[in-house]
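Thanks for making the time this morning. I would like to walk you through one structure, going slowly from its helices to its sheets, its charged pairs and a few backbone details.

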Amino acid sequence: MVLHQSAVAFLVTIGTSSIMTILAPAAAGQATLYNPYELTFAGPVQGPSDSPARDIDFKVTFQHESGEQITVHGFWDGNGAGGASGNVFKVRFAPTLTGNWSLAQVQSNRVELNGQQQGTTITAQASTNHGFWIADPASPGGRWYQRSDGTHQYIVGNTQYSFLSGVQENGTVRPNIPQFIKSDVENNAEYFTKLRFGLYGDINPHPTDKPFFSSSGTSTNDGDNSLRPNPTWFHDRVDLAVQTAFDHDMIADLILAGPDSSDARSTLRADQNGGDPTPYLKYIAARYGSYSNVWIALANEFDIKSPSYTAQQIIDAGKIIKQFLPYETPVSVHRDAGDWNTSLNSTSNWNDHVIIQKKLKDLSDSADAVATNFGRGGSDRPVVNDELSYTGAGDGHSEADTIEAFLGAFIGGGYATTGYKTGSKTGEYFDGGFNAAEHLAADNLAWFADRVDEKIPFYRMTPMSLASSIFTGADSGFRAMQWSGREYLLATDLSDSSITANLPEGLWRITRYDLISKSETVLSEATSGPYAFGSTSSRAALYQFTSVPEPTAAIVAVPILLAAGGRRRRRRQ
């Protein structure tokens with residue numbers, strides 16, 4: 001993130017007096033495509049007992065030399081360095097086009113901010129950042145995501161609900177919490193494309209550091225005070241996690257309410273603001289909406305525990321935050337175990353993806369859950385099973401259970417998230433401390449996602465019933481996906497010697513991926529006509545049939561074993 005100091009205010013306190021110094025605007029800033037660019041403004045001094053998220057309107061309209069405009073809301077950030085009092089306001093903006101952008105309008109209901117830096121120019125250069133996650137309208141039914149630059153990456157997620165507090169399940173406070181947060185996100189990024197986490201301590205709150213202020217200025221965990229976010233908490237913890245994930249091109253899936261404690265769940269109830277969560281939702285959109293790696297989950301298990309929310313309350317919250325998000329940030333909500341609640345479907349399109357919670361071990365069950373909920377969500381947006389399989393004693397899922405279930409989610413046309421759970425509310429899935437030696441499926445899931453990204457055009461493919469597929473004789477528990485005439489996939493979880501792939505005319509390359517052993521085998525470089533084969537006894541194997549335009553080798557079965565990967569390579573160079 002580039003920090004632009006074009007009008008930085010220094011607030012110096014001498015005794016009981018304060019002296020404000022404002023630097024003159026600097027020369028045009030340099031930004032890069034899709035990277036958040038931060039501008040600092042001098043506004044009215046605010047403190048813990050004030051409510052700037054509610055009372056101060058502040059937004060900037062950026063205009064590209066082509067005429068395109070993007071309006072971004074600003075937020076109060078204390079003293080700008082983690083302090084809870086000060087006059088620093090910030091705007092974060094991600095250029096979507098190279099070239100010159102100007103601050104065409106700087107608007108505020110406070111005279112100190114209104115018009116400040118208006119006319120400043122920012123020059124955006126190209127970057128290696130792939131950009132925002134957008135439901136790809138060209139994918140079958142819009143079921144897959146693409147990035148702003150048109151590329152596609154397959155998503156595998158992990159869960160660490162309350163790790164930002166730095167407090168372990170036994171109450172022990174971790175030393176050097178900022179370093180712990182940074183390292184934990186970096187370690188996750190070696191294996192996962194997404195990390196979902198709550199913004200607060202939840203059931204593991206920190207003894208002194210808290211995310212909100214009460215009306216009297218006392219720090220609190222009580223989310224009913226969400227109209228007064230504590231800039232110290234968000235600067236030191238959430239910003240660090242989001243920025244570190246951004247640096248490694250990993251999705252930061254922010255859970256705004258929940259998952260478990262009443263304090264963490266009450267942010268959308270916002271009792272201290274008359275039941276209106278708008279200040280909080282605007283603050284989140286302003287602070288994190290310009291990060292291309294940020295997703296928003298309005299609540300975790302919104303319909304159970306205390307407080308719970310109605311479907312209409314969630315729709316209303318989604319509509320509110322969409323007003324303030326400047327880009328196509330993914331937004332949805334996580335419900336209790338079961339299928340997507342169709343009462344959440346709305347013509348307002350407040351959500352761009354469907355989240356389900358179905359803890360499954362079987363390939364066909366996992367695939368069918370995604371396919372079913374694609375239909376329940378409107379048959380026009382991606383599906384993510386965000387609690388598909390937690391490895392560990394907590395839910396009794398083995399490493400192989402998780403791997404098989406993830407292959408099922410893929411072949412069903414969707415994405416999934418895991419976690420490591422040692423017991424009820426215990427393990428990495430709450431307090432972090434990611435360790436691949438414990439979370440045994442992590443390396444297999446990373447290996448699989450890399451194979452998909454490198455070799456499988458999944459974003460052109462549609463799940464098919466076995467009866468409608470090219471495969472005959474396959475076990476009823478297998479599942480298929482295809483790009484007709486170009487690519488066919490069959491996912492298997494047991495041995496079956498009687499399968500035939502009735503291949504269309506032409507030559508086909510056949511590859512087997514065994515997710516359990518992390519091995520890739522080319523069964524044939526080029527074959528034609530019906531192809532009879534048997535599946536292995538592996539619980540998670542994927543057979544790929546790819547059309548090849550010209551002969552590349554003799555039509556023989558030539559096994560080629562590729563070395564199993566150990567650690568996930570970083571997706572951004």
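**Helices, strands and charged pairs in a predicted model**

Let me begin with helix H5, whose buried residues are Pro279, Tyr280, Leu281, Lys282, Tyr283, Ile284, Ala285, Ala286, Arg287 and Tyr288. Please keep in mind throughout that this is a predicted model. In H5, 10 of the 11 residues are buried, so the helix is largely enclosed by the rest of the structure.

Among the buried residues of H5 is Arg287, and I would like to stay with that side chain for a moment. Arg287 makes a salt bridge with Asp77, with 2.7 Å between the closest N and O atoms. Since Arg287 belongs to helix H5 while Asp77 sits in the loop between strand E8 (75-76) and strand E9 (86-93), the pair ties together parts of the structure that are 210 residues apart in sequence. Both partners, Arg287 and Asp77, are buried. For the structure as a whole, the search returns 36 salt bridges.

In one of them, the side chains of Asp386 and Arg196 form a salt bridge, at 3.9 Å from N to O. This pair links distant parts of the chain, with Asp386 in strand E22 (residues 383-391) and Arg196 in strand E15 (residues 194-198), 190 residues apart. Here again both residues are buried, Asp386 as well as Arg196.

In the other, Arg539 forms a salt bridge with Asp401, and the closest N and O atoms are 2.9 Å apart.

The axes of H7 and H8 come within 7 Å and cross at roughly 35 degrees, and the crossing is right-handed. On the H7 side the contact is made by Leu363, Ser366, Ala367 and Val370, and on the H8 side by Glu404, Ala405, Leu407, Gly408, Ala409 and Ile411.

Now to helix H6, which covers residues 311-324. Its 14 residues reach 21 Å from the first C-alpha to the last, close to the 20 Å expected at 1.5 Å a residue. Buried in H6 are Ala311, Ile314, Ile315, Ala317, Gly318, Ile320, Ile321 and Phe324. What do these buried residues pack against? Their partners are strand E7 (69-73), helix H5 (278-288), strand E19 (294-297) and strand E20 (331-332).

Two of those strands, E19 and E20, take part in an open sheet of 8 strands, in the order E20-E19-E18-E15-E14-E23-E22-E21, with parallel pairing. Its edge strands are E20 and strand E21 (354-356), each of which pairs on one side only. E19 and E20 run parallel and are joined by 2 bridges, and Ile296 has Val331 in E20 as its bridge partner.

Elsewhere there is antiparallel pairing. Strand E25 (residues 471-472) and strand E28 (residues 496-502) run antiparallel with 2 bridges, Thr472 being partnered by Thr500 in E28. E28 is also joined to E31 by 5 bridges, again antiparallel, and there Ala501 stands opposite Tyr531.

I will finish with the backbone. Most residues other than glycine have a negative phi, and most peptide bonds are trans, so the following places may be ones to look at on the screen.

- Gly258 and Pro259 are joined by a cis peptide bond, with omega about 20 degrees; Pro259 is in the loop between strand E18 (251-255) and helix H4 (262-265).
- Ser306 and Pro307 are likewise joined by a cis peptide bond, with omega about -5 degrees, and Pro307 lies in the loop between E19 and H6.
- Asp202, in the loop between E15 and strand E16 (212-213), has a positive phi near 50 degrees and counts as buried at 7% relative accessibility.
- Lys518 has a positive phi of about 55 degrees; its place is in the loop between strand E29 (507-514) and strand E30 (519-527), and with a relative accessible area of 12% Lys518 is buried.

How values were computed: Residues are numbered from 1 along each chain as its sequence is written. This is a predicted model: local features need pLDDT of at least 70, side-chain atom pairs count only at pLDDT 80 or more; totals for chains, interfaces and linings use all residues. Side-chain values use heavy atoms; hydrogens and water are left out. Helices (H or I, at least four residues) and strands (E, at least two) are DSSP runs, numbered from the N terminus. The expected span of a helix is 1.5 Å times one less than its number of residues. Buried means under 20% relative accessible area, exposed over 50%, partly exposed in between (1.4 Å probe, protein chains only). Contact means heavy atoms within 4.5 Å. A salt bridge is a side-chain nitrogen of Lys or Arg within 4 Å of a carboxyl oxygen of Asp or Glu. Two strands pair if DSSP finds at least two bridges between them. Axes are lines fitted to C-alpha atoms, for helices over the stretch in contact, and angles run from 0 to 180 degrees between N-to-C directions. A crossing is left-handed if the near helix is turned anticlockwise from the far one by less than a right angle, and right-handed if clockwise.
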